[in-house]
Amino acid sequence: MKEIIGPNLKTARDLAGLRQEVFAEQLGISRATLSAIENGHVSIDSGILLRAANLLGRPISDFFKDEPEAMALLYRAAVDIAAPSDAKLEFEHFCSSYRELEQLVGVADNLLTPPAYDYFPHVHSKPDHFAVQVAAAERERLGVGQQEPVENIFQLLDEQGVRILALEMKDRDVYGLSGFSPQYGPCILLNAVNTVERRIFSLAHEYGHLLMHRSFYRSKEPASGLPKDHDLEQMANVFAANFLVPDVALKIAFQRSIGDKPVGIEDVVFLKRYFKVSADMMIRRLKDLGLLDANSADSLMTEVNRRRPDPTQEIAPLQSDLFGEWKRLNRFDHLARKAALDNLVSLGKLAELLGLNIVEARKRVQEWRRDVSAA
Amino acid sequence: MSPQHKLRAGGVSLDSNIILDLYLTASLGLLNDLFAERMLVSDFVLRELTQAAIRLPGAETVNLTTDEEWGFFRETRRRHPGLGVGEVGAITVARFRHATLITNDMQARQTAEELEIPVSGSIGVLECAVELAVISGQEAINLLQAMVREGAWISDELLELFRQKVLTQGD
């Protein structure tokens, strides 16, 4: 066990950016002892290990992982993301718990990982065109075609085995973050503080990265300090726009409901709700497709901004609770319920997996039992 | 003369589940009444309790230190992935301190039996309390029913068997 705990402890300390002597002092042991522990030469006292877990903000189970390298969640190396470190840790814990639940319930690897549509900068000379093609191909693969809006993207991707976690992060400019590992597959973190329209776009954007830029997921840290790669970000935006609002579907909806009359704010509201996107994005798509000239697009955007209660809110919010529907019926929760109600996990294990304390975990199980009894 | 209850002597290693049952029914004091000086709690269990703001005075905290203890801990976790760190800690403490594991968790109980570690649960604790006249049979029944209301998973059949047993014991 010391050969496992030691290196895991060192990795966690390195990721936290703590020098060995500083960390040893915080733990109340000598540097030589910490060095011997990290090198797997001596067993650690479990009390010290718990103190280390507290200091590093990691669940204790992190230190018992046999193959941290194979399981590590990888991020794109060139991104401009500053997700708080506690959110990143929670995200990684969620992805790991998801995998464990799949294994405990016996459904691990029952879902195929979504395919990679690898983008090679030196081969694909038109990145935007490539992103449009991938959006169309992926819609076909998922059986949603080109003529209808996606009913609920949270549900759709969840059913494909994409691990989606929504966390409240104070900085609204952190829209989302994605990670990938061969063990976990695609994983997406969304900022739950943002509007549902923003979350929908961010989910599609990150999904685009995971489909097109999988070979770029090589870093254990999301922020590598490299400059933001505009091409990749632009491609993910184009993917999201075309995945959520395909050209064909928008032209059909436009023809059917607007025709030759000038586009008004009511049309924008109708279309944004129909496609479940933001008003800004709807105006941009209408302009991209030549259904709206530049001047009309500008004046509509001005009108949208004037009507917006504040910059963080959306005009004419979606009327259906897509996010709530998905939260009520998502795969992770189902696996956790099944594991608990079929006695596949202990209370302590459930608490570990869900990141709850034991009282909260007990209450959760009680709710599930009541729900099943009432069904 | 009927034999003494097995929990009347020797160390006991408690897991969070059982402590939670007693905490949620405001009867944690029962543990000290019954097991003073012989109550063992793995530091992994203690951490779970602390995270839930539950205090358990009077228990000896036991850390894992030796290669042998860690080896056993690792092997138990590997063979029983449905158990949490706290339950495996409690089992390890029971094994190395030759104590009885007290847990209501089905997985933990099965694991202990497989490892030939003596095991008991809330019902055993209450039976012992009645035998020692710490509480009456009726109080024990009320307490067990309260535990069920607070989420303890005890079947109606087991409840009924317990009711019959402690009421007879009280006669």
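**A helix at a crossing**

Author: Happy to! In α18(A), the residues A:Ile358, A:Val359 and A:Arg362 meet B:Ser16, B:Asn17, B:Leu20, B:Asp21 and B:Leu24 of α1(B). Contact here means heavy atoms within 4.5 Å, while helices (H or I, at least four residues) and strands (E, at least two) are DSSP runs, numbered from the N terminus.

Before going on, a word on the model: it is predicted, with local features needing pLDDT of at least 70, side-chain atom pairs counting only at pLDDT 80 or more, and totals for chains, interfaces and linings using all residues. Residues are numbered from 1 along each chain as its sequence is written, chains are lettered from A and ligands numbered from 1 in the order in which they are written, and side-chain values use heavy atoms, leaving out hydrogens and water.

Back to the crossing. The axes of α18(A) and α1(B), residues 16–24, come within 11 Å and cross at roughly 80°. These axes are lines fitted to C-alpha atoms, for helices over the stretch in contact, with angles running from 0 to 180 degrees between N-to-C directions. That makes α18(A) roughly perpendicular to α1(B); angles under 35 degrees count as roughly parallel, over 145 as roughly antiparallel, 65 to 115 as roughly perpendicular and the rest as oblique.

Within chain A, α18(A) (residues 358–374) also has α16(A) (residues 331–341) as a partner: their axes come within 10 Å and cross at roughly 90°. So α16(A) is roughly perpendicular to α18(A). From α16(A), A:Ala336, A:Arg337, A:Ala340 and A:Leu341 meet A:Val365, A:Trp368, A:Arg369, A:Asp371 and A:Val372 of α18(A). This contact divides into 6 nonpolar, no polar and 3 charged residues. For these classes, Ala, Val, Leu, Ile, Met, Phe, Trp, Tyr, Cys and Pro are nonpolar, Asp, Glu, Lys and Arg are charged, and the others, Gly among them, are polar.

The loop between α17 (347–354) and α18 of chain A holds A:Gly355. A:Gly355 is exposed, with a relative accessible area of 56%; with a 1.4 Å probe and protein chains only, buried means under 20%, exposed over 50% and partly exposed in between. The C-alpha atom of A:Gly355 is separated by 29 Å from that of A:Leu211, 144 residues apart along the chain.

Elsewhere in chain A, α9(A) (residues 196–212) has 16 of its 17 residues buried, so it is largely enclosed by the rest of the structure. A:Lys272, in α12 (residues 265–275) of chain A, counts as buried at 0% relative accessibility. Leaving aside neighbours within four places in sequence, A:Lys272 has contacts that include A:Glu197, A:Met282 and A:Glu314.

Over in chain B, helix α4(B) has B:Glu69, B:Trp70, B:Phe72, B:Phe73, B:Thr76 and B:Arg77 buried. They cover an arc of only 160° around the axis, which puts them on the same side of α4(B); the arc is that of the directions from the helix axis to the C-beta atoms. The face turned away from that buried side carries the exposed B:Glu68, B:Arg78 and B:Arg79. The buried residues of α4(B) pack against helices of both chains, including α1 (2–15) of chain A and α5 (85–96) of chain B.

Finally, a loop residue: B:Glu37 lies between α2 (29–35) and β2 (39–42) of chain B. B:Glu37 has a positive phi of about 75° although it is not a glycine, and it is exposed at a relative accessible area of 80%.
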